[in-house]
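Subject: Handing over the two-chain structure

Dear colleague,

Please find the structure below, with the sequence beside it.

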Amino acid sequence: MTQPYGKHDAILPPPPDEALDGAPIPVETRLRMYELQQEIRQVETELHRLFLMGLVQGTSHLYTGMEATASAFGALLRPDDYSFATYRGHGHTLARGASMEAVFGEMLGRSTGLLGGKGGSMHLTSVEHGMLGSYAIIGAHLCIANGAAWSAKYRGTDQVAVAFFGDGTTNIGAFHEALNFAAVYDLPTIFVCENNLYMEYTPIGQITAVEHPAADRASAYGLEPIVVDGNDADAVYLTAKAAIDKARSGGGPTLIESLTYRHGGHSRADPGTYRPSEEIEAWKDRDPIPLYHQRLLRLGIEESTLTGIETDVARRVTDAAEDAKAAPRPDESVIFTNVYADGGAQWRS
Amino acid sequence: MAELSYREAVARGIAQEMEHDDRVFLIGEDVAGAGGVFKATVGLLDQFGPRRVVDTPISEQAILGAAMGAAMTGLRPIAEIMFSDFFAVCWDIVVNEIAKARYMTDGQVDVPLVIRSANGGGARFGAQHSQSVENWAMAVPGLKVVAPSTPADVIGLLAASVRDPDPVLFFEHKTLYSTKADVPDGEIVDTLGTAKIVREGADVTIVALAMMVPRALEAAERLAEDGIDAEVIDLRSLIPLDTATVLSSVEKTSRLFTVEENPRVLGWGAEVASIVADEAFWHLDAPIVRITTPHVPLPSSAALEDQTIPSVDRIVAEIEKGLV
């Protein structure tokens with residue numbers, strides 16, 4: 001089973017399911033999911049361009065090719081629900097409604113950034129939008145999402161917490177602690193494993209004892225094994241809606257494995273050349289955005305409507321990037337703010 | 001006023017805060033049905049029920065993650081890590097998540113929680129259940145670090161920790177659980193970052209924490225027999241660190257001794273000594289002396305452990321030597 005680095009067989013995507021055309025999803029929701037996918041794709045395309053210009057500081061982990069999952073959840077979650085993501089969290093943050101300018105600002109290290117320039121690409125957070133953080137060390141945020149779910153249950157609300165993570169996360173202890181914990185206390189946590197087939201640079205299948213790194217572990221925690229086509233927003237939507245409805249009504253947690261693929265490498269330093277070219281091409285042909293465009297046309301949406309969405313997003317992306325580029329860098333004084341709740345960094349009394 | 005043990009004070013302090021604020025709940029391994037492995041949470045399940053007093057699996061990351069997520073969304077969790085040594089299996093959540101969330105999000109996130117843990121040696125438990133890890137916590141920006149030495153301080157500082165808007169690591173000393181002292185009736189709420197002069201003296205300043213406080217006090221009584229009048233300061237919290245009280249004592253006595261249970265290298269006394277050397281150098285009449293556990297893991301046998309952690313005999317001997 002184990003094959004040498006860079007020499008493994010291509011893993012090809014499943015064929016698109018045209019039957020999903022008939023899924024019971026309101027057209028305005030579908031248009032919203034299309035818009036969200038466009039926003040994420042176009043923001044990250046611009047981010048990559050800014051990176052090549054040397055304007056993006058630090059690292060970045062692009063979500064390109066994986067937008068369907070965050071967009072489907074973005075269309076479904078209520079403003080008071082909680083999202084938790086990994087360092088690959090640009091899409092999950094935008095999908096909850098955080099401003100593009102603040103995302104660009106953070107990436108460019110500006111004072112207008114979502115985190116005032118103190119967090120960077122890997123920690124995007126927008127509490128006012130229910131985006132409770134991007135967590136850059138794998139595993140912890142599944143446990144933290146449980147805490148938000150615990151809080152909702154304790155306070156008697158029907159809010160849900162969603163933890164997005166990659167396939168690599170399924171092999172760290174916190175994943176298993178979190179799933180058991182959520183199941184034991186019937187927490188309204190939805191665990192979404194976005195399986196893009198690679199744990200950083202290594203094929204997940206090479207270093208995982210089961211074929212489906214999340215779904216094949218579900219039964220250990222009394223959960224259903226769920227694998228969904230993560231390159232089809234409608235497929236994700238239907239699965240996500242069932243999980244959210246279940247969590248809201250006290251039915252406890254769900255573990256979803258959303259099968260997808262990142263078009264680029266793991267991070268900006270990685271060209272991703274360890275992947276068979278046949279595999280990359282096949283998955284790019286299953287790009288979730290053109291697929292969704294075609295579905296919307298089949299459903300009778302005018303091409304001009306879709307073009308209108310695309311150009312509107314493009315204009316907003318350009319404006320946001322320009323605003324961020326023109327924004328000031330943070331003042332040095334903020335180094336000493338917000339260490340403690342009094343707003344400062346004072347540790348002596 | 002009633003005599004109360006340190007362990008009973010923990011339960012009373014938690015009960016006080018749970019009565020005061022419905023957002024407060026307690027989670028940890030064996031804290032509910034069993035009342036804690038050190039019996040420090042006895043009675044809380046009966047009093048507050050299973051919604052607010054919850055037994056967990058052996059999953060320290062899940063426990064602290066749950067506490068953090070709950071704190072971020074409006075609750076005031078008290079989580080227990082059974083032995084402070086076990087922080088090593090969930091230190092990621094403490095250091096990388098809980099401590100940094102406010103800063104990394106530029107103030108978007110509040111994490112008002114308390115993590116209680118049984119810290120320190122003297123119980124012959126060996127190197128994995130006896131460590132004093134308060135200096136680990138002190139080294140992490142964003143955390144507050146509290147370690148009471150008396151039953152009354154347990155209640156008052158626990159209340160202050162629960163009501164504090166920042167994350168607090170609250171170190172209970174496992175060898176102090178059985179000690180008793182009078183505690184005032186009624187609600188007790190103390191203030192973090194306030195050291196206490198527990199014995200006034202003119203000749204030397206002894207700064208101590210947790211179990212080292214009663215030992216320093218006993219050493220001071222022995223030193224008094226030799227005509228040495230020691231002032232003993234119970235730091236009570238390491239962050240915030242009440243350096244004002246230490247500095248003004250050193251201005252008076254001109255001599256500083258720290259008594260630390262944590263292993264020597266980068267123990268909390270190193271920071272205290274550094275501050276005093278920087279800011280009170282011209283008041284000092286002698287080098288600062290740190291009396292610490294040496295830089296070794298703790299051995300188990302009583303014959304060895306008692307020679308490793310600073311004892312009253314060693315404190316007396318080191319101070320007398322330092323005064324020569």
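Of the 324 residues in chain B, 60% count as buried, a residue being buried if 20 or more other C-beta atoms, placed from the backbone, lie within 10 Å of its own, exposed if 12 or fewer do, and partly exposed in between. Please bear in mind that this is a predicted model, in which local features need pLDDT of at least 70 and side-chain atom pairs count only at pLDDT 80 or more, while totals for chains, interfaces and linings use all residues. Residues are numbered from 1 along each chain as its sequence is written, and chains are lettered from A and ligands numbered from 1 in the order in which they are written.

To stay with chain B, there are 12 helices and 14 strands in it, where helices (H or I, at least four residues) and strands (E, at least two) are DSSP runs numbered from the N terminus. Its C-alpha atoms fill a box of roughly 60 × 40 × 40 Å along the principal axes, and its radius of gyration of 19 Å agrees with the value near 20 Å that a compact globule of 324 residues would have; the radius is taken over C-alpha atoms, and the globule rule is 2.2 Å times the number of residues to the power 0.38. Among the contacts in chain B with a separation of 6 or more, 79% are between residues 24 or more positions apart, two residues being in contact if their C-beta atoms, placed from the backbone, lie within 7 Å.

The domain assignment divides chain B into domain 1 (2-183) and domain 2 (196-323), with bounds that come from an automatic or database assignment. The C-alpha centres of these two domains of chain B lie 26 Å apart, and 25 residues of domain 1 are in contact with 22 residues of domain 2. On the domain 1 side, helix 6 (134-138), strand 6 (144-146), helix 7 (151-163) and strand 7 (168-173) of chain B each supply at least two residues. That side divides into 10 nonpolar, 11 polar and 4 charged residues, where Ala, Val, Leu, Ile, Met, Phe, Trp, Tyr, Cys and Pro count as nonpolar, Asp, Glu, Lys and Arg as charged, and the others, Gly among them, as polar.

Ala215(A), in helix 7 (residues 215-218), has 22 other C-beta atoms within 10 Å and, leaving aside neighbours within four places in sequence, is in contact with Pro225(A), Ile226(A), Val227(A) and Glu257(A).

Finally, the contact between the chains takes 37 residues from chain A and 39 residues from chain B. Strand 2 (131-135), helix 5 (140-155) and helix 6 (173-184) of chain A each supply at least two residues of the chain A side, and helix 5 gives the largest share, 11 residues. That side of chain A divides into 21 nonpolar, 12 polar and 4 charged residues.

With best wishes
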